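Here is a brisk report on the fold of the structure below. Look over the sequence and the model first, then read on.

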Amino acid sequence: MKIVERVKALLGRDAVLEDTGAPDGLPRVAPASPDAVALLLGTAREEGWRVRVEGAGTWMPADAAADLALTTRRLDRVPSIQPQDLAATAEAGIGCDQLRQQLADRGAWLALDPPGLAGRTLGSVVATATAGPLRHGFGAVRDHLVGVTFVTGDGRLVQSGGRVMKNVAGYDLTKLQAGGFGAFGVIVLVHLRLRALPRVDQTLVLEGSREDLSRVADDITAAGLTLAALELFSPALARRDRWVLAVRLAGSAALVGAEEAGLRSATGGQFSALRADEAHAFWMRAAEAFATRPVTFRVGGLPDSSDDLLDLIQHQVGDEWVSASPGAGTLRWTGETTVDRLRRLRRTLAAQEVPLTVERAAWPLRRAVGHFGAYREGVGPLVAGLRHTFDPGNAIAVAVESEDRAG
Amino acid sequence: MIDHALVEALTQIVGERHVRTAGAERATYAKDGLTVHRRLPAVVVLPGSRDEVIAVVRLLAVHGVPFVPRGAGTGLSGGALADQDAVLLVLTRLNRILKVDPRNRVATVEPGVVNVKLSVAAAPHGLLYAPDPSSQSACTIGGNVAENAGGPHCLKYGVTATHVLALEVVLADGQVIQLGSPGGEAWGPDLVGLFVGSEGNFGVATRITVRLLPVPRAVRTLLADFPALRTAGEAVSAVIASGIVPAALEMMDHSCIQAVEDSVYAAGYPRDAAAVLLVELDGRVDDSVAADAASVEAILKDHGARSVRTAVDARERERLWQGRKKAFGAMGRLSRDLVVQDAVVPRSSLPDVLEAIGRIGERYGLTVSNVFHAGDGNLHPNISFDGRIPGLRARVDAASGEMMAACIVAGGTITGEHGIGLDKLRYMPLIFDGDSLTAMRGVRRVFDPAERVNPGKVVPVHACREWAGVRNAEFQARNAEVGTRSASRGDGVSSSALRVPSSAVGS
C-alpha cells in the first residue's frame, strides 16, 4: 500500500492535504490531534518512513529529504487561557499572530517577538528557540515555557513540566525541546508563562552610524534601564538610510515614563518616539525580513563583544541584513552565503567561545553544516544518545548531526 | 561494598583528612535538611579541587562504585544521601569564586561556593546573584544547580535555571565536558537547561558560570495582615492578575507567625493575623516603584487586608525578611520533627487548596504551618510532629499524600524547588505517565549508562509504562470521583484522596 493510502487508512482521508502538497511532491499529512501525531510517527517507525516536520511552512524551507511531511497546522487550538494565573496552553500549530490576538482579548501577553512572518507557528518558535528583540527584557524562548508535550520519533507521547509557574519534578525535557530543532520529537502542546498586556508600549528610535549607536547602546546598558528591547538594526533591516538603534519600553505608565526619562537623560534626549502603528510596522518588517532571505543564523557572545562580533560578521559574510542586541550579546544575520563561508565563520567564533546556530537554510546547506556544527569534545555522543533515545529509528529528518564532526 | 584498597586509593587522591570512614563521621552526612530520611554512606570523600573531583570520579568509574554528589546538605528532599554501597562526594571545599566580570554581568564559581557569598562578592560592582533560597547563607551554588533552586525573589527574576549560562561537568565515567557558553547561548541543544535540576543524576558540575543582575536602586517592602487565609490567597491572585510583578510575594499563616514571633527571629508580625503577605517591589526608579507599591497596597486592602505596613528603612526591611527566611528554623521549635512539602498550584487555586490543606491537617490531628512563595503558587505546608510517638509518622505520611493529591487535583505539581530526591519519588507516577518516566530514565542513561550517580533518585525504578499506567488510571478514577463529590461541597478536594502505593518507591 502506498504511504498516502496507508496514512488515510490510519488517520482518515482528510488528514492528507490534497491541495497544498509539498513542492517536492511529498504527501503532506496534517494530524488533527496529539494522539494522531503519535499514531503517525509510531507507524512511520514501523514502516521505516522518514518524516519531515513542518509548521505553517513560513520559516524553515520545506525541503528536507523524507518520505512524507507532517504539518502541525491543524493543531491550532488554544485549550486554556488563564489570565488570572498568567498561564495558557496552546497547541503547537497555532499561528503566533492568532495566539497573540486571543491572549490580548483576555488581557494577557506572551512576551516573545520571534523573527519570521506573523503566522509562524508557536511550535516552530519553540523548536528553533528563536527569540526576537524582547529577549533583552523578558528572556529566551525557554523562559516563557512551563511545559511541553511532544511525540517521540517512535510515537510515544511524552509530557514534560506542567502548567504551573515552578516545577522541578523530573528532568527538564522542556529545555531540551526548546531549540532542539525537532531532533527529540514533535512538539504538540505548549504550556506558557504569560504577562499582563502592558498598559503602555512605547518604541523610540535613533538613527546614526553603527559606531555612534554602539556607543549610545553602551551608555544605555551602563545606566541599567529597565527596557523591553534594545536592538541595533542595519539600514536594510530598518528600511532607513542609516543604522537604527531601537528601544522598546513596556509596562505600567509609571514604569515607562520613568524609563523614558532615564533613556533621554542617559543619551542626551536624541531618540524620537514612534506612533503605535509605526512601531508595529517597524518591528514586524524587521522580523519578516529574516524569513525572506536564504540563510538566517544567530550568534551569542558576551555583551561587550557585540561590536567585535559585528566587525567579524561584516568582514566574513557582510552586514547588510543584521540586528544585534547589545545588552544581551546576541546577533542575528540573514542573507546569502555558502557552506565554506559559514564553516569559516563558525570556526572563528568557536575560538572565541561564541556559538553560531543556523536557524534556517536550505536542506543541503543545513545538512552540510548542521544547525549547530561540530560539537565540543564529549558533547556529540550525548546529543547522539539523546537523539537515539527520542527517535530510535531516526525517523525525523533534522540536521543536528552535521558533516562537521568533532566531539 | 567499598573495599579497603579503594579507600586507600581515594586517600591517595584527596589526602587522609578528607576521607571519612568512621561511623560517627559518616553519620554527620546521613541526613539533609529534611531529617526524616537517613542513609549512612559507605565513605565520605571531600575533594579540594576540580582535578581531585575528576580523579575520584574516574577511580569510582573503574571500580563501578556508585556515588552521590553533595553540597552543604541543606536540601529538603533527601536528594543528597548515599547508601551503604556508595561514596558521598562532598564538594564544599571547592569554594572559590573564580571570576566576577562586572562589565558583562557574569561570574564563574566552583560548586561549593555558598550562595550568599557570590552576592557579597558582586555587591561592590552593584550586582547580585538573584536566586535566594531561604538557606542561602549555607547552601551552595552547586546544590542550587542540582535542584534548580528557587527562593522568594525568583517570582520576578526566575529560578536558578534562568541564571546559569555555562557549566563544566564531570560525567559518570570521568569525562569532562563543557556545556553552554558565557553569553548564555546554547551550544547545540540546551544541555545546560537539561542539566540544571537533574539532582546530580547527570554528573558533577565543577565550574558554573552564572548571570548577575544589578542591585535594584529602589525597594518597597509591604507587610499585609489578613483575618482569613482565604482572603490572603485571593489577594495574591489579584496582585498577579494586575500585571504588576513584585520581586517577591510571600505568605505565612497563623501557626508560622506564632513560631517566628516566639523565636529569636521575631519580626514584629501581627500575632492575631490568620495570615500575612510579605510583598516586595523593586526597580531602578523610586517613583515608579512607589506607584506600583501604592497600587499593590490598594489591591491588598480591597481584598480584605486589615492593615498594610511599609518598611520605613533597610533595617526594618531586613527584619521582616529575617522572619520569613528563618521561618523553617523557627518551626523547628514547635516539635522534634518536621516534614516540609513543596507543591505548586495555579495561583488562582491558592484559596481552595490552602483551606483543603487545613482540613487535612485537622482531620489527622496534625500541626500544619504554611510559609511559602505565594506569588508562584509554590506551597510549603510543614507538618511538625514527634516521630517517637507510635503511629504518628504514619499519620504524617498519609496526610502528606493527601495534601499532594489536593495540589495535583488542582492542576499542580509535586515539587517547585526542593526536588524529587527520595522524598517525592513515590508521587512521580501520579503526575507522569509511564512513557514520560521511561523517557526521563532514557535521558539519564545517556549521561550515566550504569545509573551510578545518585542512584535511586528522581525517576522511580518501576517506571515501566504498564505499571505506571495502572497507577495513573487508579489515580484519575479516584480523583474524578473526588472532583464530582467535592464540587458539590465546594471545597475542591476530598477527604478520600489517593493512597500513594509504597511500591512506587521501587527497590
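## An open sheet in chain A

In chain A, four strands make up an open sheet with mixed pairing, ordered 1-2-4-3. The edge positions go to strand 1 (16-17) and strand 3 (51-54) of chain A. Each of these has a single partner strand, so one side of each is left without a neighbour in the sheet. The model is predicted.

Which strand does strand 3 of chain A join? Its partner is strand 4 of chain A, residues 68-71. Strand 3 and strand 4 of chain A run parallel and are joined by four bridges. Within this pair, Val53(A) of chain A stands opposite Leu70(A), which belongs to strand 4. In general, strands of a sheet pair through backbone hydrogen bonds, and the pairing is either parallel or antiparallel.

## Chain A as a whole

Chain A holds 14 helices and 19 strands. Its radius of gyration is 21 Å, close to the 22 Å that the globule rule gives for 407 residues. Chain A is therefore as compact as a globular protein of that length. Along the principal axes, the C-alpha atoms of chain A fill a box of roughly 70 × 50 × 40 Å.

How much of chain A is buried? Of its 407 residues, 58% are buried. Contacts tell of sequence separation. Taking the contacts in chain A with a separation of 6 or more, 69% are between residues 24 or more positions apart.

## Domains of chain A

Chain A is split into domain 1 (3-71), domain 2 (80-196), domain 3 (200-289) and domain 4 (295-373). How far apart are the centres of domain 1 and domain 4 of chain A? Taken over C-alpha atoms, the two centres are separated by 32 Å.

## Chain B as a whole

Chain B has 18 helices and 18 strands. The radius of gyration of chain B is 23 Å, close to the 23 Å from the globule rule for 507 residues. Chain B is thus as compact as a globular protein of that length. The C-alpha trace of chain B spans about 65 × 55 × 45 Å along its principal axes.

What share of chain B counts as buried? The figure is 60% of the 507 residues. Turning to contacts in chain B between residues at least 6 apart in sequence, 72% join residues at least 24 apart.

Note on methods:
Residues are numbered from 1 along each chain as its sequence is written. Chains are lettered from A and ligands numbered from 1 in the order in which they are written. This is a predicted model: local features need pLDDT of at least 70, side-chain atom pairs count only at pLDDT 80 or more; totals for chains, interfaces and linings use all residues. Two strands pair if DSSP finds at least two bridges between them. Helices (H or I, at least four residues) and strands (E, at least two) are DSSP runs, numbered from the N terminus. The radius of gyration is taken over C-alpha atoms; the globule rule is 2.2 Å times the number of residues to the power 0.38. A residue is buried if 20 or more other C-beta atoms lie within 10 Å of its own, exposed if 12 or fewer, and partly exposed in between; C-beta atoms are placed from the backbone. Two residues are in contact if their C-beta atoms, placed from the backbone, lie within 7 Å. Domain bounds come from an automatic or database domain assignment.
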